[in-house]
Amino acid sequence: MQKGAKHPILPMASGIGAWIWLASPLAQADTTPPFNSGDTAWMLSSTALVLLMTVPGLALFYAGMVRKKNVLATAAQSFAITALVSVLWMFIGYSLTFTSGNAFMGGLSRLFLNGMGLDSANGLAPTIPESVYMTFQMTFAIITPALIVGAFAERMKFSALLWFTGLWSLLVYAPIAHMVWGPGGWLAADGVLDYAGGTVVHINAGIAGLVAALVMGKRIGYRHDAMHPNNLMYTLIGASLLWVGWFGFNAGSAVAASDRAGMAMSTTQIATAVAALSWMFAEWLARGKPTVLGMTSGAVAGLVAITPASGFVGPMGALWIGLAAGVICFWAAVYLKNLLGYDDSLDAFGVHAIGGIIGALLTGVFAVKAIGGTAGMLEGNTGQLLIQATGVGVTIVYDAIVSFVILKAIDWTLGLRVISEQERDGLDITQHGEQVYE
C-alpha cells in the first residue's frame, strides 16, 4: 500500500474491532518511517532554491559577462549541464557518492536508483524521504561543473563540454564529495569540516577551471581586444538569484528545519553583504570607481567563502570571513590573474577556488563548538586549522591531476577548442546556429 493511502477495511471497524485491527501484524507491517514533515518541506524548498542557482542564476550571471557573440552559448552550457548531470546522477552519481563503499568512493547499491522507494531514507538524512535527499544533492552536483565554465568561457567546443562534464562529474566530483560527505569517507573521518561545499563544490570547480584555462590557452585577442561584459543587468540579476538560492545551498545543508539551519542562513547573509562591500571599497580605492561587476563579484565571493563555514561559525566569524573573501578575491581576480597571465575568463578560479580556500581555512579558525560541535583555533583547537588545510590540499592535488588527464584525453580525441575562425565569429552562431544579437 502506498504511503498515506487509507485501508479499505479500517474505516468500517469501530470500537474493539478497530483496536484488534491496529494490533494485527498486517497493520503493523503497513507502518512507514517517521519522516518529519517540517524537515521534508524545508528540503523540498531548498532543493528548488539550489536548482535556481544554476538555471537561471548562474546562466544569467555568466551570460552577462561574456561578449555579445557568446551570450547564448554561455547560458546554454549551464542549461545543458543541468540536464546531463541530472541523468548521470540518477544512473550512477548518487550511488557513487552517498552509499557505503570505501573511504574513497561509494558503492553501487543505488545504481539507477534501484531500491529507492517512497519509504526509503538515507542514513545521512533519516527524517526526510531519500528521494528528496537524492534530488537535493543532485543540485549540488549540477552547479559544480557549471561553475567551471566561467574559466574557459568563449572558447570550448560544446561537444567537448558535454564529455568533460560527464567524465569530471563521475571521476572528480563523486570521489571528492564521498570523501568529504559520504558514509565512511576518508576526509570526513579525519575531521575535515565542510558544511555545504567549500572543498567539494568551490575549490573543486575553481581548480578544475584553472587547469582547463591553462590547457586550452588564452582567448584570441586576450589583453589586446576589448572584452567588455555585454549586459551587466544580466549579471546583476544572476548574482541576485545566486544570493537568494544560496540560502537553500547553505541553510538546506542542515537537512532539517532546525536552529542550525537558521544560523547558517544568518551567517550566509552577513558574510555575503560584508564581502560585497569589502570588494566594492577595495575596488573604489584601487581603481577610482565602485562597479556593479565588482559588487556582484564580491557578493559571490562572500557566498563562496561562507559555504564551508556556515553551519560551524557565528555572526562575528561570518563577518571576518566575508571581509577576507571580498578583499582577497578582488586581489586574485584583478592582480594575481594579470601577474601570472592566465586567462580565467570570468574569474572562476579567482572567486571560487580562492574564496573556497579562504572559507575552508577560516572555518578551522572561527568554528564554534556550541554551534557545530567542533571548536576552532580561537576556542583552543589549533589542530583544526591543519585538518582543514589537509582537506584543501587533497582536493587541489586530486582535482588538478584528474582534471588535467580528462582534458588532455578529450583534446587528443575530440578536440577541446573551437577553431580560430569559429572563436572570432562567436560560439552562438558557430556552435548552435542561433544568436541573441543580430
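Guide: Axes are lines fitted to C-alpha atoms, for helices over the stretch in contact, and angles run from 0 to 180 degrees between N-to-C directions. Please keep in mind that this is a predicted model.

Visitor: At what angle do helix α3 and helix α5 pack, and how far apart are their axes?

Guide: Helix α3 (residues 37-63) packs against helix α5 (residues 130-148) at about 15°, and their axes are 9 Å apart. Angles under 35 degrees count as roughly parallel, so α3 is roughly parallel to α5. The crossing in which α3 passes α5 is left-handed.

Visitor: Which residues of α3 and α5 meet?

Guide: From α3, the contributors include Met-43, Val-50, Leu-51 and Tyr-62, while those from α5 include Phe-136, Phe-140 and Ile-143. Divided by class, the contact of α3 with α5 has 14 nonpolar, 6 polar and no charged residues.

Visitor: What peptide bond joins Val-55 and Pro-56?

Guide: A cis peptide bond joins the two, with omega about 10°. Pro-56 lies in helix α3.

Visitor: How is the pair formed by helix α6 and helix α15 to be read, by angle and by the approach of the axes?

Guide: Angles over 145 degrees count as roughly antiparallel. The axes of α6 (residues 158-181) and α15 (residues 383-413) cross at roughly 155° and come within 10 Å, which means that α6 is roughly antiparallel to α15. The crossing of α6 and α15 is right-handed. Among the residues that meet are Trp-163, Phe-164 and Trp-168 in α6, with Tyr-398, Asp-399 and Val-402 in α15. The contact of α6 with α15 comprises 14 nonpolar, 2 polar and 1 charged residues.

Visitor: How many aromatic pairs does a search of the whole structure find?

Guide: The search finds 18 aromatic pairs. One case is Phe-104 with Tyr-398: the ring centres are 5.6 Å apart and the planes stand at 75°, so the pair is edge-to-face. This pair links distant parts of the chain, since Phe-104 is in the loop between α4 (71-98) and α5, and Tyr-398 is in helix α15, 294 residues apart.

Visitor: How does the span of helix α10 compare with what is expected?

Guide: Helix α10 (residues 259-287) has 29 residues and reaches 42 Å from its first C-alpha to its last, close to the 42 Å expected at 1.5 Å a residue. Just after α10, Gly-288 has a positive phi of about 95°.

Visitor: Where is Val-255 found, and what is its phi?

Guide: Val-255 is in the loop between α9 (232-250) and α10. Its phi is near 55°, a positive value in a residue other than glycine.

Technical notes. Residues numbered from 1 in each chain as written. Predicted model: local features only at pLDDT ≥ 70, side-chain atom pairs only at ≥ 80, totals over all residues. Heavy atoms only, no water. Helix = DSSP H or I, 4+ residues; strand = E, 2+ residues; numbered from the N terminus. Expected span 1.5 Å × (residues − 1). Parallel < 35°, antiparallel > 145°, perpendicular 65-115°, else oblique. Left-handed = near helix turned anticlockwise from the far one by under 90°. Contact = heavy atoms within 4.5 Å. Nonpolar A, V, L, I, M, F, W, Y, C, P; charged D, E, K, R; others polar. Phe/Tyr/Trp six-rings, centres within 6.5 Å; stacked < 30°, edge-to-face > 60°.
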